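Please read them alongside the sequence and the structure.

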Amino acid sequence: MTPLRVWLWRLGGLFGGERRDRELQHELDSHLRMEIDDNLKRGMAPDEARREALLRFEGIEQAKELYRDQRGLPLLETTWQDARYAVRTLRKNPGATLIGILVMALAIAANTAVFSVVDAVLLNPLPYEHPDRLVTLTYESSTLAGTPVPTDRSRQVSILDFLDWQRDSRSFDSMAAYTTGRTSVMASSVAEYAVIARVTPEFFRVFRVQPSTGRSFSDEEARDPGRIVAVLSDRYARQQFAEAARAIGQTVRLGNRSVPIVGVLPAAFDFPADTDIWLPMPPAPARSLPLPPALAREQRRANNYLAVARLADPLGLRRAQTEMTAISARLEQQYPETNRSVRVRVSPLQRDIVGDVKPMLYLIFASVAIVLLIACATMATLLLAKATARIPEIAVRGALGASAARIVRQLLVEAAVQSCAAGLIGVGAAVAGTKALVALSPPNVPRLADVAVNGRVLFFTLGLCLLVSLLFGLPPALQAARLDVSERLRPGGGRVTGGAGGRMREALVVAELALAVILVATGVLLVRSVVALQQAPLGFRGANVLLMQATAVPSRPDWTDSRMFFQELLADLRQVPGVVAAGAMMGPPGRVGSESGYWIDRMPQHSPANSARPAVMNVIAPGAFDALGIPVLQGRDFHDGDRADAPSVVIINQALARAALAGRDPLGRALIAGFDSQAPMTIVGVVGDVRQYGPDREPQPEIYMPYQQHFYNGATLRVIVKTATDPAAMAPVVERKARDRAPQVAVRVTTMDDLLAEQIATPKFRAWLLSLFGAVALCLAIGGVYGVMAYVAGQRSKEIGVRMALGATARSVRWLMVRRGMTLAGIGLSAGVAGAIIAARLVRGMLFEVKPHDVATYIGVVALLGLLSLLATYIPARRATRIDPVVVLRQE
Amino acid sequence: MNDRTDVWQGTLALMILKTLETLGPLHGYGIAQRIEQTSGHQLRVHYGTLYASLLKLQQEGYIASAWGVSDNNRKAKFYRLTRAGRNHVARAARDWRQTTAIVARFFTPGESS
């Protein structure tokens, strides 16, 4: 208590100094007078009485000084003095100061902006109650050998496994399964796509979320498909009904059913991401009744659901994992055919949500940090040079009694003043930078809406400023503290080159170049990856292709109307001038709809279901291959005759023929797929491979089935229109044709180019950012080299004069200086290449068709930086040797 | 004059407090006089330290100050003990006695074992 009281008093003592000084003066005056009075009483002469009293005081000024030290906070006051002194010093050299501050401001702005994204996306806890207890349940990745990409699909689990987990586990407070997808919905008069999550009744309990308006599903509504009700997101409710409260009691039309809206969730709740409508999950066929064994087997490995859970115990992750491992081992014994080596992984939900973007964000964070380091090094070299110029000033201060610590502190305060000024500008720039980052981010980065320059970010920036001022202020300060005062005060002293300051400068130059090489090389590797991605053979032609997703909700029990819709629409579209070809596909390249196991010729009786090799399953309407330019290599394309009543037919791709048939003729063989039925289909054609999972993935085996024979999956197709000119211009025409046929059909139009761009948006974004940072790093580093070399040349002008007076040629002197500069550059570049190879290994997962140790890249980067360093050393060297030696020598 | 001992660091505060406790409100000069007097003029108060010490005691809340008029009609700043100061003096006096008693035992001849 008392120390705090004292501190507050002393803090108060910082202000009103003049008034307090006057009061002290009065007090001391009265003291003096009393002492004089007493002295007079003792019989002294007035003069003597006064002299004696003053003498007794042993220095009034010292007394005041002691008093003042006790009154305020001396450290704070002298720091304030230092700061004011620093501002005066910096104002003497406004140009250099401003450039330095702007460089630092840029680096701080970049770091602040990136941190604000990292903070919101990675660090900020999820906005749910006790978010650390939320986990996902997935299969171990080894279970899913052959699963192509870590998409939502590879996180899916089977509903039968889920129900067993739910029944047998004890470590969870609650556990829910859900599915998510875009579905055709009619809220007003026109059908639209909305993102729909179907969730088991425990879902809202897992997230501890209650509707802000209305209620969630009751248990009966969740169980009885006849009483289905909907809960809306706040955003969707406002969009459709202007106001959340007005949505209650209204209906949304899903397919042929009107579903009453009973609740609206709080705006902050967004899980699964972008959901518009939450519906109770239709009860799985297995929920209550026992299944026939064949169907049960199929369901066991139909991994169509996602699972989330809330841990019962805040620290129960490990216990939950142990329990789930035990349960899956038991299921393996119970269902050896389907659950062999199927293991469950319990992982924090947050990690699951941000998992994909984490490496990218850390890469970007690391690269802005490198930019900051280089900026610091550049600043430090500049300050070192300046500190040398200030040697006389510092020496005088030392001679007048300033301790080394005092001088170091003063120089550090000077650095802090600069970095805080830079921080202020930087935060301003970061607000804009953050907006730009969010706007340019690839679409798969979650939680971007929360990104803002908030208190935490400002705190980070403040810490950064202080760290930065230490980083670039300490080298010159330490150098200054080591000064030998008497040595430096001699005329001409401090003009000797080399020494500790010189070595520090050289070390900084080496570090700058090394860091720049790391950043530039990584940037180049990423850019080359993007170029390779853009040139990857996709197997189809995406130019001038329009995609229109359409859901034709059937009204007849045999779904003939859905099929008629697509058949007639495609016929219409082929009549439109400018349309070259038209077809439709369930999962066009980049939008794989389903994957499943398959067998050729016969289905094995007793082998486990998951032993089948997986293939991409696709349902198409005739014309799709033409529209995408996929060649039919063997056999025939589908035609309108491949109808429900015709023999089942199928087309495979080359990858499947290669994988399953190894050169034997595929045509006429029977293919069985675990897709919608296990009836054998006859292979009638082989088509060329396409990269279904994006340009960075090799083509996978694929099975194409005619939409007329698979009408359940044939009701939602993407119409593919190849146009003669700009496809976007054709979009309204195509959309109107669809609406003309059926207004209750939801449609969404994109172009193939947009879809492809989306697939390489992430690599492009990170390559773009890294090139930007690399370019900045390059400029800073070369600027640093130039600054040091120019400074050294200036310092050595006397020596150069002497050398040239003694007969050295300008050429040899230049060579001397360039050699020194290039030795440093050589060390820096070699260290940089070593660092870059390590860095490239860390980002190996982001490289495409470029090796982390790509020789050409490193040679190119080293050549570029070497050349620029050469220029940066040669120009000052040349200028130095232009001086007339006589002029230089006369200066002495 | 120089054979007089300067007041030891730390004990000055205690002496000030004890002086104020005994004499009631007093100005800085009076305090210094009194301390030197009490010590039989063996101690010598450094005025600079005295005023810094008075300020420190105020900051700690043990004393308070107000302007008043001295015996010989001089305007002076008077210091008085606060309640916290009084408690502090009592506590410090007890500690002091205890400490000196312990130390004294070491210097009492014949009693060391």
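1. Chain A of this predicted model contains 30 helices and 22 strands. Its radius of gyration is 38 Å, well over the 29 Å that the globule rule gives for 892 residues, so chain A is more spread out than a compact globule. The C-alpha trace of chain A spans about 130 × 80 × 55 Å along its principal axes.

2. Of the 892 residues in chain A, 42% are buried. When contacts in chain A between residues at least 6 apart in sequence are considered, 82% of them join residues at least 24 apart.

3. The domain assignment divides chain A into domain 1 (2–72), domain 2 (141–342), domain 3 (358–534 + 761–890) and domain 4 (553–744). Taken over C-alpha atoms, the centres of domain 1 and domain 4 of chain A are separated by 99 Å.

4. On which side of α10(A) do the buried residues of this helix lie? Helix α10 of chain A covers residues 234–241, and A:Tyr236, A:Ala237 and A:Gln240 are buried in it. These residues cover an arc of only 100 degrees around the axis, which puts them on the same side of α10(A). The elements against which the buried residues of α10(A) pack are β4 (191–199), β6 (230–232), α11 (244–247), β8 (257–264) and β9 (277–280) of chain A. A:Ala242 follows α10(A) and has a positive phi, near 70 degrees.

5. A:Pro442 may be considered next. This residue is placed in the loop between α17 (404–440) and α18 (455–481) of chain A. Is A:Pro442 buried or partly exposed? A:Pro442 counts as partly exposed because it has 17 C-beta neighbours inside 10 Å, whereas a buried residue needs 20 or more. Apart from neighbours within four places in sequence, A:Pro442 is in contact with A:Ala761, A:Thr762 and A:Phe765. The C-alpha atom of A:Pro442 is separated by 33 Å from that of A:Glu202, and the two residues are 240 apart along the chain.

6. Chain B has an open sheet of three strands in the order β2-β5-β4, with antiparallel pairing. Strands β2 (26–27) and β4 (63–69) of chain B are the edge strands, since each pairs on one side only. β2(B) is joined by two bridges to β5 (residues 75–81) of chain B, and the two run antiparallel; the bridge partner of B:Leu26 in β5(B) is B:Tyr79.

7. The pairing of β4(B) with β5(B) is likewise antiparallel and extends over seven bridges. Here B:Ser65 stands opposite B:Tyr79 in β5(B). The hairpin of β4(B) and β5(B) has five residues between the strands, and B:Asn73 in this hairpin takes a positive phi near 60 degrees.

8. Which element of chain B gives the most to the side that touches chain A? The contact takes 19 residues from chain B and 20 residues from chain A. On the side of chain B that touches chain A, α2 (28–38), α3 (47–60) and β5 of chain B each supply at least two residues. With nine residues, α3(B) gives the most to this side. By class, the side of chain B that touches chain A comprises six nonpolar, eight polar and five charged residues.

Terms used: Residues numbered from 1 in each chain as written. Chains lettered and ligands numbered in written order. Predicted model: local features only at pLDDT ≥ 70, side-chain atom pairs only at ≥ 80, totals over all residues. Helix = DSSP H or I, 4+ residues; strand = E, 2+ residues; numbered from the N terminus. Rg over C-alpha atoms; globule rule 2.2 N^0.38 Å. Buried ≥ 20, exposed ≤ 12 C-beta atoms within 10 Å, placed from the backbone. Contact = placed C-beta atoms within 7 Å. Pairing = 2+ DSSP bridges. Domains from an automatic or database assignment. Nonpolar A, V, L, I, M, F, W, Y, C, P; charged D, E, K, R; others polar. Arc of directions from axis to C-beta.
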